[in-house]
Amino acid sequence: MKPKIAFFDFASCEGCQLAVLNCEDILLDLLNLVDIVEFREAISEKAPRYDVAFVEGSINREKDAVRLREIRARSRVLVALGACACGGNVQARSNALPPVENYDRVYGKDARNRVQVDNEFWPYWTHARVQPIGDVVDVDYYLRGCPIAPGEFAHLVKSLIVGAIPSFPANAVCVECKENGNECVFDHGDTCMGQITWGGCGAVCVNNGYRCDGCRGLLPHANVDAHRALLAERELSPSDIHNRYGLFLSAQTRGKEARV
Amino acid sequence: MRAFVATEHDLTRWLRGLAAKTSVYFPQKTGSRNFRFDRVDGRAEMSFAGYRPTVVPPGRKIAPEREVLFRFRRDEKGRFTVRPTEPEGVQILAGVRPCDLRAIKLMDIALLDGPGDTPYRRRREATAIVAADCLAPCDDFAFCAAVGSLTHRDGADVFLTPLHGDFLVEALTDRGSDLVDGAPFKACANAADRKAEAEAKRAKPFGRQLVASPAALPKIIEKRWASAVWDRSVSRCFSCGTCNVVCPTCYCFDVRDDLDVRDPLSGERTRHWDACMLPQFAAVADGHNFRPTAAARQRHRVKRKFEYLPNRFGEGSYCVGCGRCARQCTAGIDIAGIVNDLAADGEVAS
């Protein structure tokens, strides 16, 4: 019997599910190997149990956490799909502000004060913290990146189907960047998060003339102090450094950064 | 040995002619000031004028970053059938510097030792090398002369020496002789004199120096196991593996299976470069890591280059002094500096 696969999304742009649909060269072959039973981006079917659940998005509200736990309970394997699910992504920056200030900034004082007493709206507002899904449930595999690397998605699905152990080495982006023979971003005067960021993307941004912004999250062994010092030596101001780390890595580096 | 004189224009025209028939790789500009061994096509800009060492060394065309070792299929009963990969065609590496030439020699010695590495041997035998001498240090980080790479010639099929505006072209092997057949070069009768004249103009000392000779280093480094230099050298290290990936004599690899999406019971066994500075490199079953700190990994890397492999193969330093690892390290970690610090440090062998 083909494994049942499902896709779910929380706070995200759903771009990682789109990235899955964009694996056009292998998508039809993959569909021969699995049954997709839930996929809001593409189909409307539902199923009671899943062999593999792919979860996109961060957990912002208690009701999301309840739904996520329920998905976990029905899934044999649960995969975090993309930077929001893996590390909280850009929205985790709001964690640095108290929710009342945050709502005020985004919606204005009037709206904030009004919805707090409105049972119809308040449950949708009541998030206090943006969390990666791994803060709420056990996660079996992480597909990192904003968006995910399609090759890693295919590698994981194929490995799960045959019972092989998928490999996502904890290597810096630099490994793949150098393999490609790229000129180092630092060598042409820019700065880069590659040294402290999980690889697996093939250094796609540097290959195409940009730098690494760290969307795949902080490596477990990341030498953050040395990296901040390096950025400072390259004449980035403390607020520039704060913003570099704040873009994709705020959920992982919160509390460890220099105050600005 | 046949010797000729040629202009740079003659040489690039000759290489373009060869490139029409076979794969020719030559350092070409990438980014603002770096070079990469790319395939020569009609539009390739080629110049023998001093270029920095390429980001990755030319030897990686012989030991590539990813290669298929064989294809396999498992049937329903669990039986495997294995199909070897087809050999690739002939390739020419041109514009190879003496440091990289020596690195290829050292790779040959390490990888063809014992039963030998078949895919490497196959590709090495199908590779012709056109090397070019250096009369001035190419980069502030290079210390090729200090480790005996500058005068290395073994392994080149054709060797070029810059003269006044022209180049001396020497065919050192039969294969090299075949390559220069029909080339628009002028025969040179006094090759040895012209070469000696060019070499005499080299800067002395040539580039950076080490405080100890490569022959003395294994004994010195052996006695520095507990040196404080190791810790000091990695305070800024990211363990990003760059120093390994750009090294022309790093040959460690990992093996993985890439499954076929049309039939996941079949696939390719592939080999990928690995890097001993990566934290997981020395992790073994059950999660134990026998080099858990960056300092332990740095010690291993330096000892491989200057102690373990020199002792194992007797071919001198396994660092060729190209300076790539230091040039590319964003943390500014410099292997020549580490070696000099170690030599200056007292004995701490505990």
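Me: What makes up the secondary structure of chain B?

Reply: In this predicted model, chain B has 11 helices and 12 strands.

Me: Why is chain B called as compact as a globular protein of its length?

Reply: The globule rule gives 20 Å for 350 residues, and the radius of gyration of chain B is 22 Å, which is close to that value, so chain B is as compact as a globular protein of that length. Along the principal axes, its C-alpha atoms fill a box of roughly 65 × 60 × 40 Å.

Me: What share of chain B counts as buried, and what share of its contacts with a separation of 6 or more comes from residues 24 or more positions apart?

Reply: Of the 350 residues, 43% count as buried. Residues 24 or more positions apart account for 73% of those contacts in chain B.

Me: Why is B:Cys329 called buried?

Reply: A residue is buried if 20 or more other C-beta atoms lie within 10 Å of its own. B:Cys329 has 23 C-beta neighbours inside 10 Å and therefore counts as buried.

Me: Where does B:Cys329 lie, and which residues is it in contact with, leaving aside its neighbours within four places in sequence?

Reply: B:Cys329 is placed in the loop between helix H10 (324–328) and helix H11 (335–344) of chain B. With those sequence neighbours left aside, B:Cys329 is in contact with B:Thr242 and B:Cys243. The C-alpha atoms of B:Cys329 and B:Cys240 are separated by 9.1 Å, although these residues are 89 residues apart along the chain.

Me: How many residues does each chain give to the contact between chain B and chain A, and which elements of chain B supply at least two?

Reply: The contact takes 33 residues from chain B and 33 residues from chain A. On the side of chain B that touches chain A, at least two residues each come from strand E3 (34–39), helix H8 (242–245) and strand E11 (253–259). E11(B) provides the largest share, 3 residues. By residue class, this side of chain B divides into 16 nonpolar, 10 polar and 7 charged.

Me: Which domains are assigned in chain A, and what separates their centres?

Reply: The domain assignment gives domain 1 (4–91 + 126–162) and domain 2 (173–253) of chain A. Their centres, taken over C-alpha atoms, are separated by 26 Å. Domain 1 of chain A contributes 13 residues to the contact and domain 2 of chain A contributes 12 residues. For the side of domain 1 that touches domain 2, the largest share, 3 residues, comes from helix H4 (residues 83–87) of chain A. That side of domain 1 divides into 7 nonpolar, 4 polar and 2 charged residues.

Terms used. Residues are numbered from 1 along each chain as its sequence is written. Chains are lettered from A and ligands numbered from 1 in the order in which they are written. This is a predicted model: local features need pLDDT of at least 70, side-chain atom pairs count only at pLDDT 80 or more; totals for chains, interfaces and linings use all residues. The radius of gyration is taken over C-alpha atoms; the globule rule is 2.2 Å times the number of residues to the power 0.38. A residue is buried if 20 or more other C-beta atoms lie within 10 Å of its own, exposed if 12 or fewer, and partly exposed in between; C-beta atoms are placed from the backbone. Two residues are in contact if their C-beta atoms, placed from the backbone, lie within 7 Å. Ala, Val, Leu, Ile, Met, Phe, Trp, Tyr, Cys and Pro count as nonpolar, Asp, Glu, Lys and Arg as charged, and the others, Gly among them, as polar. Domain bounds come from an automatic or database domain assignment.
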